[in-house]
Amino acid sequence: MTKRRKKATEGKTKVIGFGGKGGVGKTTLAALFLRLMGEMDSPAILAVDSDPNTCLPGVLGAEGYQTLGDMVEGYKGGRLPPRKFRQEFNTLLLKNEQEFYDLLPMGRNEGQGCYCSVNDLLRSAFREFVLKGNYAYDFVVMDCEAGIEHISRKTSSFIDDFVIATDSSRMSLNTIKNIRNTQNEVKIDVNNLYIVANRVEDGEMLDRIEDLSGELGMTFLGRMPEDETLKRLNFKGKSIFELPDDSPAYLRMREMANVILS
Ligand SMILES: Nc1ncnc2c1ncn2[C@@H]1O[C@H](COP(=O)(O)OP(=O)(O)OP(=O)(O)O)[C@@H](O)[C@H]1O
Ligand SMILES: [Mg+2]
């Protein structure tokens, strides 16, 4: 077990979420963004995978991690003592340390007596250890569940900047509208909502996505090209860190990250 690095800057923790409809590229964008953060001057970073079908660690080539689902598994049917939960949560973060970031995969939550109580405990542990305290993180990068559930359930209420991936399908564009409506309804404050058109090549479609972004008061970050090398890497089960520095997707993410982090 290694010691968690200390927060590098004095400011507030910045939480950046990646969301959108299923299969539009959330995990890919989150992984590319995280890899870029590794080039920065060693900030303390936490990568959260909220997808119960844990995918982000695989794309990052992370190893030897435990999920929050594994952690609460031991309490199946029983009561979760908050103190014990906080201790184990902290240990989980320490155990899950990777090369330049810590990892928090939520994992599966089925079969738990009451997952609402886990969510409550998680929210308070998040506040106590992730956003505040001596070992708070500078950045939290969150690969969110597909759709809008996490917004309506308010499990994304910590997010400062939300990057929504979209393709050109009607369903994906409707998801963006639903995200905006739900976010307004449940009154979650997000500083910036960004749109990335992933693998959209057609000019008319790109214009429509850009127009929609404007109509909804979101910032259009432009298109992320279809990257053949990235596709092959994924097919072979290799990590995003094996993508060449000059690959089209990585170069585009560099430009997008400049805007997100400015
Ligand atoms: N710009 C891109 N170039 C090439 N391949 C891509 C690109 N974006 C995504 N992919 C590929 O498309 C597939 C789906 O992407 P990804 O897993 O990131 O989507 P997702 O939104 O996270 O899906 P889910 O909703 O299942 O979590 C993956 O195999 C990924 O490698
Ligand atoms: Mg995903």
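Student: By class, how many nonpolar, polar and charged residues does the shell around ligand 1 have?

Tutor: This is a predicted model, in which local features need pLDDT of at least 70 and side-chain atom pairs count only at pLDDT 80 or more, while totals for chains, interfaces and linings use all residues. Residues are numbered from 1 along each chain as its sequence is written, and chains are lettered from A and ligands numbered from 1 in the order in which they are written. If Ala, Val, Leu, Ile, Met, Phe, Trp, Tyr, Cys and Pro count as nonpolar, Asp, Glu, Lys and Arg as charged, and the others, Gly among them, as polar, the shell around ligand 1 has six nonpolar, seven polar and six charged residues.

Student: Which elements give two or more residues to the shell around ligand 1?

Tutor: A residue is near the ligand if its C-beta atom, placed from the backbone, lies within 6 Å of it, and of the 19 residues around ligand 1, G22, K26, T27, T28 and N234 come nearest. With helices (H or I, at least four residues) and strands (E, at least two) taken as DSSP runs numbered from the N terminus, the elements that give two or more residues are α1 (26-37) and α9 (228-235).

Student: How many of the twelve residues of α1 are buried?

Tutor: Burial requires 20 or more other C-beta atoms within 10 Å of a residue's own, C-beta atoms being placed from the backbone. The buried residues of α1 include K26, T27 and T28. The helix is mostly covered, and its buried residues number ten.

Student: How far apart are the end C-alpha atoms of α1?

Tutor: The expected span of a helix is 1.5 Å times one less than its number of residues. For the twelve residues of α1 this should come to 16 Å, which agrees with the separation of the end C-alpha atoms, namely 17 Å.

Student: Why is strand β2 (residues 45-49) largely enclosed by the rest of the structure?

Tutor: Both faces of β2 are covered, with I45, A47 and D49 on one side and L46 and V48 on the other. The strand is largely enclosed because its buried residues are five of the five.

Student: Which residue in β4 stands opposite V48?

Tutor: Strands pair if DSSP finds at least two bridges between them; β2 pairs in the parallel sense with β3 (residues 102-105) over four bridges, where the partner of A47 is L103. Five bridges join β2 to β4 (residues 139-143), and these two strands also run parallel. In β4, the residue opposite V48 is M142.
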